[in-house]
Amino acid sequence: MSRNTISTGLVHQRDVAIWVRRRLADSQGGWFDTTGRNNWVEQYGTVLADGVGLGKTWEALAASALLLVEGSKRRSGGGRRQNIRKQAARVLVLCPPGLVSKWSREVRDPGGFAAHLKRWAGSRARRRFVVETLTEPYEIRRRSDLDHIPSGTIHRARVELPAGTYICNWNVLRREVGSGRSRLAALRSQPWDVLIVDEAHHHEAREAIDTVQNWSRQVRATLLLTATPFQLEPRELHDLFGAILDSQHGAHRVLSRPPVREYVSALTEFFQGVEPPARGLKTASENTLRQALVRSRVRTSGRRFYLIEADGRAAQIAAPERMRESELKELVPSLIKPTSSFEAWYLRRRLELADGGRTFVPTKLRQALSTPAQARASTGRRDGGPPRAPRLDALAAWARIQAEQDLLRAARDGYPRKMLVFTSFVGKAARELEQSLTRALSDAWTSVRKRRPWQRMAKGASRGVAIVARTVERMLNEDAILARSSDTQRLLKTLQSMADDPTPSLVRDLFGQRRFRKLVTKDLRYRLTALAAVLRADRDGGGWTHLHREELRGVRGTIDAIASSSIVRTYTGHDDRRDRDAAGEAFRSPLAPWALVASNVGSEGIDLHTFSAHLIHFDIEWNPARMEQREGRTDRLGRTLKEPVKVYFTLVRGTYDERMLHQLVARQRWHSILLGKTGARLARSEDGQDGVAARIIDYGEAQKLSLDLRPSRRP
Amino acid sequence: MSRANKGLRWQRTADAMRSFVSLYGSSAPRRAIFCTYDFDVERFEAVLAPELTRRGRQFRTLVTADAGALQAHLQQSGKRRFGRFQVAPVKCRPGGVFHPKLVLLAAGRHHLVGVGSANLTAGGLGGNLEMMLFADNRTEHGRRLVGGAANFLDRLLRHESILMPLSAREFIEMALAGIPRDPTAFSDSLKTPLLGQMKAAHYDHARHNDARELTILSPWHSAAASTDGVDPAVLRKLKDSLGTSRVNVYTEGRNGRGPGLGTHARVHIRTEKISAPAKDETPATDTDALLERRPMRVHAKAYLVESSRGGGTLFFGSANCTQPALTRSVSHRGNVEILVASKLGTTEVASVRNDLADLFSLAEKSFLVTSAPPPAQTSGVVLAGHLLKGSAKTRLRLETPTLSAGVVRIAGEPKGRLIRVRIRRGVGFVDNPADIQALFKSSEPDRTSESWGGVLWERVGTSFAPFPVSVPLIAGESGAPDDVLLDFVWEELGVWPATAQGEASDDDEAQDLAADDDKDLEALTEAKHEGQLDRLAVAVSILRKRIAAADAGSSYSEARLRIFRGQIAKLDLPAHVRGVLLDYLRPGKRARRVIR
């Protein structure tokens, strides 16, 4: 492997890493600062904007590894050599509070990125320090965690924290810091070799970056990670670019450069019926924009989109970004037909809202269309709810039908196919969804139990559980530290009692399937290994290992979740953080829960992809970026299921849902073009008036318009 | 142009409408109903239609004309398309003609009524000597006349012998909603002959039966196929009935001679006296001179009954001095006519006489009176057609009130490709898109285009008879229910017809809109892509708000709500949705507590 490349197993990740290294450091190991050799001299960062689930974490880590090696070199006497003193590298990762554990796991996971990193470093001393820096992170979930970081050294009256990677909840840095030599002040003012910001499109991220950039002695390279660099309009890119271009008006330097500015306005005109932009302008825009933003791959695999109908059937539709307005109208008859009593209730409610001015009307309407409790809440009266909620009924009907099919398939091939339901409303809505889905899945199981393939499989369930229990027992015997843990003993007992207890349950029945048993064993082995690592680190002690207790609690929660029989769980802001982390972990395992109801807290950053086959948008978000993020929870690299993710919409006919869908499709347009979705068929207005359009432009034309932001070999 | 020194004011028919539109044209909804005997489409489009447009916004206009006269006009003129108004032929089943001349303009709560003798023809709009009374509802008298006009139209719709397209009936009902009716302001021939009513009215005014002199102003065979004229027999009847001793007839002469109407009538004929300007007057400009030159052709109809104690009663309107106009009711082969009675004092009588003396002079020679040719009769059975634009396709509905079942054959032009239409219960439909295409040659009238109507032809024996086809003014049966309601809302907001995008686009319009209108427009625009239930709710809510905001008394609001309830009841909506909307529009229903 060459010095300047690092393989992560995926070509696009490697390409991005190399491209970042070339953009931010020259071949001589010098950082691009103000040398004037580049046409982009003031750049010290870049935006990594691959699609959701394509491994931006690994891209960022790989790029960091390359940059750290370059940064540790210096010139002396015409030659280059490694500077030992410079090998004290510091990397700061800023991320939302919920993603600290995920980052920490990604960094530490011995079978994950660390393995690639170690292979790349080999026995070369000059690369070993990078492995150490990047694989032993400090986790800062809250301010008090800083007290457990090993105290640094005082150098020239400044506190210098030890070298390494700091994974920090960005809220810690957003708050009032105070002066003096506090650890927080030290964290803020450290010289950072690489600053990585995950989900950088959030305004919290922007605030945290500002704090670091204002106070830090030096930030050499900034890597901003986001799958959705702008939410609604391209001008939101300004904010992002402001963080990586060293000038007050840095953002303008990219977006307001003639090619990009002209291209955006030419596109606007194109949608209003004028001729498409010239080809040269597009290439120039690509070259300019690519200097700040790179997007190597857009999507993992083909997603399939469906509309759930009132009777629980699902009709396949085109992807929203490929739809044109006339197609939208054709979709209307396939939407959920509400009952007449609901229609009457909704109409009365709508009249009431139309009378009362327009404050919060959209929110109230969206609430009214959600679950019965939400609808009741939207009226502000105790008795004001609708008799039934069409969406919930349709979802339950669909879930029952789908679960029956999926359970029968699982009885054949052993793969569980799970459902991930996203809702914008939490509290009672999530609870109602949970209950409704639980009923639907139980009904499905009750019905499937009578079928012959399932009965054949269920016969071997007791034996199957016993086999898994024996495997776990063997693993505990092999590792004393695991055997001593009360958590693992509890897991073993749960499995053993499940084997002895003949009461059938959905999960227990599946143990009769050989491949399912294999999947469970594999999953448990992975978790127990992680647990062993944590326990061992805890036992060995050290300045900061207690921080792993968070992880320990997560693993315990996971074991609980696996052992529990609840087939539907929730992942919302109303749940306790540990409960919901445990629910998320369990959802990734082949065992229960079979369905997960998630709110917006579950729509970004986390991995829920392993066995999830169906993703249901119980309600639509205004923002296509958020929808993309939701879908990204399931459509990620590393899914165990190989079939395409199925995305479902539950929309009620004749109501505000039609507007939401319309808006979503209309807003996809900018995303499609500026973010290089070359395959998107774009709609073009014929009358020049309406936002979305009458004529679909053909594939070639769309190709000509879409910006290609893949990293080029020559920056 | 007016000269108010005399009893009558002289101006063009369109002037009164122009000033009403410029004063009140910004109020909405704006609607116009015209009743005429003869209808000249080209002249109407050139002269009146522009007056009914203000900054791109229009009055929703209905022209009702006599079916026979309209057919004769369409047969002669090459007109194939109409502008953005609806033409409704009216037929009197027993045999009379539809002859009233009435204008009713409504802009919000303001109304203008015009009644008299002027048809919507070149003559009526400027070429003839006509007599019209215009009044708006600012004065008590004006309110009475508006109420009288509404009352007449009401009775017209209810009359069993009057055949009129359904959509026109619907529109008239809607336009009249909330106007307090006055049954005494107008005399009409719908139930009883006008002659008896004239006698009673004069008696009512004079309080005793002592008519001294009768002055009749009426045309004389002014057109070949006209229903106009003075019938000597009717003259005698009038004289006997009113008990007058002397009769003066002011009419049009022929080569300086007047018609020989018998010894008891003194005949005056129209002459132009060029009086030299007085010395102290400034010399008239060319325009003034032009305007001072008054028309020669007499088309005005008026009856002045003078009482022996001074003063008298002036009747004027559409009725000529003929049998079908004065001595018969509609059910007995009479015409549909209206007259307005006005009580005059001695000086006012003198002024009117002066005016007449100024325009007419005594005929010294006479010519023999021959009977007038009968009025044009309709041929064919199709009264009118309507283009109903559904969500999927366009249908043509033919109304044949005189044929309940059978087959008619129609074509897009005389001797064009014939299309057979089966008639059931007086209605027939053309559904086939190819047939529609053949009839309209790809330029079918459309709500979004400039042309809302046209002419089709019915095969009658070996010849072809034209009949008008139009897009109904009230979208009612055509289009989705939410579109129909939206149409009402646009009209309430004063943006009618809505542009193709369904929004007010003109800058001027935007300036003219009040802040509330802006909010409503915004709400409508936002609801554009929402579901059908939302669109219905937003439209109905705005309608109710606007009606309540009109602040014109509860009876006005209730009447208008009733009309909208009627419209909603007809819409193609599921019963539960209709129920909620009707309940919401129930008069007197107070808004429920609003949760913001």
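Colleague: What share of the residues in chain B is buried?

Modeller: In this predicted model, 55% of the 596 residues in chain B are buried. Chain B holds 18 helices and 29 strands. If you take its contacts between residues at least 6 apart in sequence, 73% join residues at least 24 apart.

Colleague: How many helices and strands are in chain A?

Modeller: Chain A has 29 helices and 20 strands. It has 715 residues, of which 60% count as buried. For chain A, 77% of the contacts between residues at least 6 apart in sequence link residues at least 24 apart.

Colleague: Which residues have the most contacts inside the largest nonpolar core?

Modeller: The general idea is that nonpolar side chains tend to be buried together in soluble globular proteins. Here the largest nonpolar core has 173 residues, and those with the most contacts inside it are A:Trp103, B:Leu102, B:Leu153 and B:Phe186.

Colleague: What does B:Leu102 touch?

Modeller: Leaving aside residues up to four places away in sequence, B:Leu102 touches a list that includes B:Ile33, B:Phe34, B:Cys35, B:Val113, B:Ala149 and B:Ile338. B:Leu153 and B:Phe186 are also among the residues that B:Leu102 touches. There is a second, separate core of 62 residues, which includes A:Ala411, A:Trp454, A:Ile481 and A:Trp594.

Colleague: How many residues of helix α6 of chain B are buried?

Modeller: Count them along the helix, residues 166–176: 9 of the 11 are buried, so α6 of chain B is largely enclosed by the rest of the structure. Among the buried ones are B:Phe171, B:Ile172 and B:Leu176, and also B:Arg169 and B:Glu170. After α6(B) comes B:Gly178, with a positive phi near 90°.

Colleague: Now helix pairs. At what angle do α17 and α18 of chain A pack?

Modeller: For a pair of helices, read the angle, the distance and then the residues in contact. Helix α17 (residues 390–413) and helix α18 (residues 428–448) of chain A pack at about 40°, and their axes are 8 Å apart. The crossing of α17(A) and α18(A) is right-handed. On the α17(A) side the contact includes A:Leu392, A:Leu395, A:Ala399 and A:Arg400. On the α18(A) side it includes A:Leu433, A:Leu437, A:Asp443 and A:Trp445. By class, this contact has 14 nonpolar, 2 polar and 4 charged residues.

Colleague: How do the axes of α2 and α5 of chain A cross?

Modeller: The axes of helix α2 (residues 56–71) and helix α5 (residues 125–135) of chain A come within 10 Å and cross at roughly 140°. That angle makes α2(A) oblique to α5(A), and their crossing is right-handed. From α2(A), the contact is made by A:Leu61, A:Ala65, A:Leu68 and A:Val69. From α5(A), the residues in contact include A:Arg126, A:Phe129, A:Val130 and A:Leu134. The contact of α2(A) with α5(A) has 7 nonpolar, 1 polar and 2 charged residues.

Colleague: Where is A:Glu136?

Modeller: A:Glu136 lies in the loop between α5 and β5 (138–140) of chain A.

Colleague: Why does A:Glu136 count as partly exposed?

Modeller: Buried means under 20% relative accessible area and exposed means over 50%. A:Glu136 has 45% relative accessibility, so it counts as partly exposed.

Colleague: What separation is there between the C-alpha atoms of A:Glu136 and A:Gly164?

Modeller: The two C-alpha atoms are separated by 7.0 Å, while A:Glu136 and A:Gly164 are 28 residues apart along the chain.

Terms used. Residues are numbered from 1 along each chain as its sequence is written. Chains are lettered from A and ligands numbered from 1 in the order in which they are written. This is a predicted model: local features need pLDDT of at least 70, side-chain atom pairs count only at pLDDT 80 or more; totals for chains, interfaces and linings use all residues. Side-chain values use heavy atoms; hydrogens and water are left out. Axes are lines fitted to C-alpha atoms, for helices over the stretch in contact, and angles run from 0 to 180 degrees between N-to-C directions. Helices (H or I, at least four residues) and strands (E, at least two) are DSSP runs, numbered from the N terminus. Angles under 35 degrees count as roughly parallel, over 145 as roughly antiparallel, 65 to 115 as roughly perpendicular and the rest as oblique. A crossing is left-handed if the near helix is turned anticlockwise from the far one by less than a right angle, and right-handed if clockwise. Contact means heavy atoms within 4.5 Å. Ala, Val, Leu, Ile, Met, Phe, Trp, Tyr, Cys and Pro count as nonpolar, Asp, Glu, Lys and Arg as charged, and the others, Gly among them, as polar. A nonpolar core is a set of buried Ala, Val, Leu, Ile, Met, Phe, Trp, Tyr and Cys residues joined through side-chain atoms within 4.5 Å. Buried means under 20% relative accessible area, exposed over 50%, partly exposed in between (1.4 Å probe, protein chains only).
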